[in-house]
Amino acid sequence: MAETNFAVECEGVKLLTARQVADALQCSERSVWGWTKNGGLPAVRLGRLVRYRVEDVEAFIARHQSG
């Protein structure tokens, strides 16, 4: 996955918003929320905030690649 200037880095962990994940995957935020809700895309919850680790997004992509 390409580096993004918007990723938050905290102690070496890069976190993305649902919008950033959607932009990277060229899909809707609704799709990202759906994958999160059904457990397919792990999320980090910080109070009311929901963020995604770059490594989890990359693993999600790898699991769903065809071919």
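Predicted model: local features only at pLDDT ≥ 70, side-chain atom pairs only at ≥ 80, totals over all residues.
1. Arg-53 is partly exposed, its relative accessible area being 30%.

2. Stepping back to the fold, the protein chain has three helices and four strands. Read from the N terminus, the order is β-β-α-α-β-β-α. Of the 67 residues, 24% are buried, and the chain exposes about 4,800 Å², with carbon and sulfur atoms supplying 50% of that area.

3. The helix pair deserves a look. Helix α1 (residues 18-25) packs against helix α2 (residues 29-37) at an angle of about 110°, the axes lying 8 Å apart. The two are therefore roughly perpendicular to each other. From α1, the contact draws on Ala-18, Arg-19, Val-21, Ala-22 and Leu-25, and from α2 on Glu-29, Val-32, Trp-33 and Trp-35. By class, that makes seven nonpolar, two charged and no polar residues.

4. Do follow Arg-19 on the structure. It forms a salt bridge with Asp-23, with the closest N and O atoms 3.1 Å apart. Arg-19 is partly exposed at 37% relative accessible area, as is Asp-23 at 48%.

5. Arg-19 also forms a salt bridge with Glu-29, again with 3.1 Å between the closest N and O atoms. This pair links helix α1 to helix α2 across ten residues. Glu-29 is partly exposed, at 28%. Through shared partners, Arg-19, Asp-23 and Glu-29 join into one network. The whole structure holds three salt bridges.

Terms used:
Residues numbered from 1 in each chain as written. Heavy atoms only, no water. Buried < 20%, exposed > 50% of the residue type's maximum accessible area, 1.4 Å probe, protein only. Areas by Shrake-Rupley, 256 points an atom, 1.4 Å probe, with all protein chains shown as cover. Axes fitted to C-alpha atoms, helices over the stretch in contact; angles between N-to-C directions. Parallel < 35°, antiparallel > 145°, perpendicular 65-115°, else oblique. Contact = heavy atoms within 4.5 Å. Nonpolar A, V, L, I, M, F, W, Y, C, P; charged D, E, K, R; others polar. Salt bridge = Lys/Arg side-chain N within 4 Å of Asp/Glu carboxyl O.
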